[in-house]
Amino acid sequence: MTTAEPSFDLLPGADRSSVILHVPHSAREIPPEVRAGIVLDDRALERELDHIVDAHTAELAEAAAALATVTPWRFVNRLARLVVDPERFPDEREEMLAVGMGAVYTRTTHLEDLRPADADPRPLVERYFRPYAKAMTDAVAGRLAATGRAVIIDVHSYPTARLPYELHGEGPRPPVCLGTDSFHTSPDLLAAAREAFGPCGETGLDSPFSGTYVPLEFYGREPRVGALMIEIRRDTYMAEPGGPAGPGLTRLARALAALVDCVAP
């Protein structure tokens with residue numbers, strides 16, 4: 001991937017589908033010019049990627065899309081979240097700035113230096129963050145125009161053991177954590193997720209991670225945009241950290257497809 005190419009893909013689904021599977025943290029790729037600003041050596045960087053990447057979530061979304069009766073749309077980040085994290089606020093509203101993990105990270109999962117403390121985040125925000133945000137906004141607008149509604153299902157994973165960067169990691173760590181928003185997560189959407197992921201083990205609510213991703217143009221304003229975050233504990237489907245996927249991925253893909261089918265029309 002060159003810097004001239006988009007850092008994300010919008011993979012079309014059925015015209016009548018309202019669902020967008022959003023996969024922001026599955027990739028490991030870092031462009032050379034961005035790598036140059038990271039202070040870790042190659043071995044340490046690979047280890048950090050093992051910890052921070054939501055490994056195999058792009059494959060999970062792809063498998064679920066193939067299984068769903070009504071094919072959802074997929075919006076997939078093709079660059080590592082160490083380039084930019086598209087789900088952070090790009091300004092002082094972001095609480096993860098407290099641990100050096102705003103839109104552009106300066107600290108690692110273990111609170112070590114990732115970039116110099118005085119690194120200017122603005123070039124990366126302009127080059128990668130803002131085009132991503134606009135494209136996701138356009139994708140949601142497209143579903144609203146085509147179907148009258150949009151449902152963003154954010155596909156994530158999280159480590160079995162709490163990592164030092166986690167601000168709210170002291171609570172339960174269930175096999176499946178459902179992140180919600182008081183405006184965009186309806187009771188029906190939450191109930192559908194609980195039922196769909198029931199075969200995968202206990203489903204928890206907003207612990208250890210909470211909230212959902214909605215483009216700012218719609219956030220808190222457009223009730224036709226629904227959103228739910230799916231956080232899957234990594235030991236349920238892969239070897240940690242950064243290892244291969246196991247048979248649990250198939251079970252999760254079936255569950256995600258069941259959720260898509262419940263809310264897609």
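Q: What handedness does the crossing of H3 and H6 have?
A: This is a predicted model. The crossing of H3 with H6 is right-handed.

Q: At what angle do the axes of H3 and H6 cross?
A: Roughly 55°, with the axes coming within 8 Å. The two helices are therefore oblique to each other.

Q: Which residues of H3 and H6 meet?
A: From H3, Glu59, Leu60, Ala61, Ala63, Ala64 and Leu67. From H6, Leu249, Leu252, Ala253, Arg254, Leu256 and Ala257. By class, that contact has ten nonpolar residues, two charged and no polar ones.

Q: Switching to H5. Which of its residues are buried?
A: Leu189, Leu190, Ala192, Ala193 and Ala196. Down the helix axis they fall within an arc of 160°, so they line one face of H5.

Q: What covers the buried residues of H5?
A: The cover includes strands E4, E5, E6 and E7, plus H6.

Q: And which exposed residues are on the face turned away?
A: Pro187, Asp188 and Glu195.

Q: Now the backbone. Where are the cis peptide bonds?
A: One joins Ser207 and Pro208, with omega about 15°. Another joins Glu240 and Pro241, with omega about -15°. Pro208 is in the loop between E6 and E7, while Pro241 is in the loop between E7 and H6.

Q: What about phi at Asp206?
A: Positive, about 55°, though Asp206 is not a glycine. Asp206 also sits in the E6-E7 loop.

Q: Is Asp206 buried or partly exposed?
A: Partly exposed, at 27% relative accessibility.

Methods:
Residues numbered from 1 in each chain as written. Predicted model: local features only at pLDDT ≥ 70, side-chain atom pairs only at ≥ 80, totals over all residues. Heavy atoms only, no water. Axes fitted to C-alpha atoms, helices over the stretch in contact; angles between N-to-C directions. Helix = DSSP H or I, 4+ residues; strand = E, 2+ residues; numbered from the N terminus. Parallel < 35°, antiparallel > 145°, perpendicular 65-115°, else oblique. Left-handed = near helix turned anticlockwise from the far one by under 90°. Contact = heavy atoms within 4.5 Å. Nonpolar A, V, L, I, M, F, W, Y, C, P; charged D, E, K, R; others polar. Buried < 20%, exposed > 50% of the residue type's maximum accessible area, 1.4 Å probe, protein only. Arc of directions from axis to C-beta.
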